[in-house]
Amino acid sequence: MSTPARRQPQQRQGAMDRPRVWARNPLAEFDDLLNQMGGLLESTVGGAPIPGIAWAPAADVIEADEAYHVELELPGVKGRDINIEVNGQELTVSGEIKERERKGVLRRGGRRTGRFEYRLLLPSEVNTENVRAAMSEGVLTITVPKAEIAKPRHIEITESIQAQEQPPQQQTQQQQPQQPPSQQPPGGY
């Protein structure tokens with residue numbers, strides 16, 4: 001008597017199948033989930049600031065050879081209402097946007113108000129004495145120069161001018177100390 005051959009059940013194609021290897025980074029999926037949850041929370045609260053929690057303005061950080069350039073979007077904020085501190089490698093920008101007094105009933109508000117704070121940990125040592133900040137058209141630009149230790153330095157390779165002009169035989173003769181003629185042995189030995 002022979003035993004019947006068993007067939008493997010076909011796997012269903014569908015949402016329940018998991019790939020054996022992650023197609024994407026699982027942490028990126030977690031970030032996407034957090035962004036979606038933040039968007040859901042913001043849509044239900046209506047973008048209103050949560051009391052006691054500071055919001056962070058949009059920013060770009062650019063690294064050049066000599067300095068870091070930080071650009072923060074702060075429309076409608078005066079320079080006197082912003083506090084900038086550099087402590088070691090940490091840059092902190094804070095302030096508050098006060099809500100304007102309006103006549104009538106506000107039907108929809110989309111502008112951010114309240115306390116804001118932006119913190120940045122710079123990757124290398126910085127020169128805290130020469131930090132500059134400028135405000136133009138609602139964009140705060142902060143220039144944080146790198147410390148001399150952190151700056152890359154290019155080393156030039158130079159060739160000796162004497163080595164190029166003289167043939168190799170003359171170089172070896174000049175490098176050997178010559179004895180005065182009176183001390184040389186007779187016969188040139």
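**Notebook: strands, a threonine and a core**

I started at leucine 91, which stands opposite leucine 120 in S5. For the record, I'm in a predicted model, where local features need pLDDT of at least 70, side-chain atom pairs count only at pLDDT 80 or more, and totals for chains, interfaces and linings use all residues. Numbering runs from 1 along each chain as its sequence is written, and side-chain values use heavy atoms, with hydrogens and water left out.

**Overall layout**

I counted three helices and seven strands in the chain (DSSP runs numbered from the N terminus: helices are H or I of at least four residues, strands E of at least two). From the N terminus the order reads α-β-β-β-β-β-β-β-α-α. Of the 189 residues, 16% are buried (buried is under 20% relative accessible area, exposed over 50%, partly exposed in between, with a 1.4 Å probe and protein chains only).

**The S3-S4-S5 sheet**

I looked up the strand order next: an open sheet of three strands, S3-S4-S5, with antiparallel pairing (two strands pair if DSSP finds at least two bridges between them). S3 (82-87) and S5 (114-121) are at the edges with a single partner strand each, so one side of each has no neighbour in the sheet. S4 (residues 90-97) is joined to S5 by eight bridges.

**Threonine 92**

Is threonine 92 buried or exposed? Buried, at a relative accessible area of 12%. Threonine 92 lies in strand S4, and its side chain makes a polar contact of 3.5 Å with that of arginine 119 (N or O atoms within 3.5 Å; within protein, one must be able to donate a hydrogen and the other to accept it, and residues adjacent in sequence count only if both atoms are side-chain atoms). Leaving out residues up to four places away in sequence, I found that threonine 92 touches, among others, Asn83, Ile84 and Tyr118 (contact means heavy atoms within 4.5 Å).

Which residues have the most contacts inside the largest nonpolar core? Leu72, Val93 and Ile142, in a core of 18 residues (buried Ala, Val, Leu, Ile, Met, Phe, Trp, Tyr and Cys joined through side-chain atoms within 4.5 Å). S2 (67-73), S4, S5 and S7 (139-145) each give two or more residues to this core.

Alanine 133 stands opposite isoleucine 142 in S7. S6 (residues 132-136) and S7 pair antiparallel over five bridges. Their hairpin has two residues between the strands, and glutamate 137 takes a positive phi near 55° there.
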